[in-house]
Amino acid sequence: MMRVGLVGGTGKLGRGLALRLASAGHEVWLGSRDAERADRVAADLGVDVRPVTNAAACAAADIVVVVVPYRGQAQVLRGLGEQTAGKPVVSAVVPLVVDAAGPRPLDVSEGSAAEQCQVLLGAARVVAGLQWVPAPSLLKLDAVLEMDVPLCSDDDDAVAAAVELCDAIKGLRAFHAGPLRLARSLEGLTPLLMSVNKRYHGHTSMRFPGLDLAAGRPEA
Ligand SMILES: NC(=O)c1ccc[n+]([C@@H]2O[C@H](COP(=O)([O-])OP(=O)(O)OC[C@H]3O[C@@H](n4cnc5c(N)ncnc54)[C@H](OP(=O)(O)O)[C@@H]3O)[C@@H](O)[C@H]2O)c1
């Protein structure tokens with residue numbers, strides 16, 4: 001059992017993760033800027049989660065997942081350095097804008113939202129991942145998931161914790177995909193997936209066929 005803190009847990013992806021992870025037996029601390037909003041969302045979810053502020057969610061957690069819009073992440077994360085120090089922090093944040101022509105990626109001066117997260121949190125062990133997992137599929141408990149979750153990080157132990165987290169959700173296959181500086185590639189693909197899903201009314205994601213994950217594990 002892991003204690004999972006969700007920063008922005010009241011949103012679409014946060015609720016989907018909370019539902020799946022709590023159903024799998026993990027202890028979920030559902031964070032919000034507003035503890036009362038967290039209370040309301042937790043009551044609606046119908047599973048056992050702990051509604052708290054974002055700071056309390058990070059303080060209680062073994063692993064944190066950041067699920068806030070990119071436009072809000074700097075403000076939210078600036079106050080969470082102490083509570084996340086030394087902990088694995090998964091950034092699912094995608095820097096994008098949606099205009100009349102649909103979604104498009106945004107440039108980030110740090111390279112990616114996940115690298116900005118690392119700068120803002122300082123001593124956290126940031127892992128970029130989950131950007132391709134559509135919330136509607138998580139929220140529908142009977143939906144069959146068949147999705148790969150590549151993870152980018154400079155910390156192998158943090159990746160191992162993130163893999164354990166993802167493994168709790170049936171149908172997700174998470175693996176180490178490279179250093180944190182490649183996070184922009186993960187984030188940059190999401191607008192394309194959103195466009196495909198909108199055009200074909202789906203909730204598709206990505207698979208990497210032909211991978212032997214055991215061969216890619218670091219030597220013991
Ligand atoms: N939705 C998906 O399918 C999906 C899939 C993969 C990745 N992502 C990425 O995951 C992140 C969360 O997505 P989402 O769809 O769950 O987002 P969302 O529902 O729009 O927002 C998530 C939560 O973030 C907080 N929030 C909203 N605006 C904020 C702001 N300006 N500043 C600080 N906090 C704010 C809110 O929580 P409180 O008001 O309770 O604080 C909100 O409930 C995004 O970066 C998105 O690109 C989403």
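Me: Where in the chain does L130 lie?
Reply: L130 lies in the loop that runs between β8 and α7. The model is a predicted one.

Me: Why is L130 called buried?
Reply: L130 has 29 C-beta neighbours inside 10 Å. The cut-off for buried is 20 or more, so L130 counts as buried.

Me: What is noted about the phi of L130?
Reply: Phi of L130 is positive, about 75 degrees, although L130 is not a glycine. Most residues other than glycine have a negative phi.

Me: Which value does phi take at H201?
Reply: Phi of H201 is near 50 degrees, again a positive value in a residue other than glycine. H201 sits in the loop between α9 and α10 (213-216).

Me: What makes P179 exposed?
Reply: P179 has 12 C-beta neighbours inside 10 Å. Exposed means 12 or fewer, so P179 counts as exposed. P179 is placed in the loop between β10 (172-178) and α9 (183-199). Leaving out residues up to four places away in sequence, P179 touches C152 and D154.

Me: Why is E187 called buried?
Reply: E187 has 28 C-beta neighbours inside 10 Å. E187 belongs to helix α9. Residues up to four places away in sequence aside, E187 touches V94, P95, P105, S112, A113 and Q131.

Me: How do you know that the span of α1 agrees with its number of residues?
Reply: The expected span is 1.5 Å times one less than the number of residues. For the 12 residues of α1 this should give 16 Å, and the end C-alpha atoms are 17 Å apart, which agrees.

Me: What makes α1 mostly covered?
Reply: In α1, 10 of the 12 residues are buried. Among them are L13, R15, L17, A18 and L21. The cover over the buried residues of α1 includes β1 (3-7), β2, α2, β4 (63-66) and α7 (135-139). Just after α1 comes G25, with a positive phi of about 100 degrees.

Me: Which residues of helix α2 are buried?
Reply: In α2 (residues 35-45), the buried residues include A38, A42 and L45. These residues cover an arc of only 60 degrees around the axis, which puts them on the same side of α2. On the other side of α2, E36, A43 and D44 are exposed. The buried residues of α2 are covered by elements including α1, β2 (27-32) and β3 (50-53).

Me: Why is helix α6 called largely enclosed?
Reply: Eight of the nine residues of α6 (residues 113-121) are buried, so α6 is largely enclosed by the rest of the structure. The buried residues of α6 pack against β4, α4, α5 (81-84), β5 (88-91), β8 (125-128) and α9. G122 follows α6 and has a positive phi, near 75 degrees.

Me: Which residues have the most contacts inside the largest nonpolar core?
Reply: The largest nonpolar core has 66 residues, and those with the most contacts inside it are L6, A18, L30, V66, C117, L151 and A162. Helix α8 (residues 156-167) gives the largest share of this core, seven residues. In soluble globular proteins, nonpolar side chains tend to be buried together. With residues up to four places away in sequence not counted, V66 touches residues including V7, G8, Q73, V89 and C117.

Me: How many residues surround the ligand?
Reply: The ligand is surrounded by 25 residues, and the closest are G8, G11, S32, G72 and V94. By class, the shell has 12 nonpolar, eight polar and five charged residues.

Me: Which helix supplies the largest share of the shell around the ligand?
Reply: The largest share, five residues, comes from α4. Both α1 (12-23) and α4 (70-77) supply at least two residues each.

Terms used:
Residues numbered from 1 in each chain as written. Predicted model: local features only at pLDDT ≥ 70, side-chain atom pairs only at ≥ 80, totals over all residues. Near = placed C-beta within 6 Å. Helix = DSSP H or I, 4+ residues; strand = E, 2+ residues; numbered from the N terminus. Nonpolar A, V, L, I, M, F, W, Y, C, P; charged D, E, K, R; others polar. Arc of directions from axis to C-beta. Contact = placed C-beta atoms within 7 Å. Core = buried A, V, L, I, M, F, W, Y, C linked by C-beta atoms within 7 Å.
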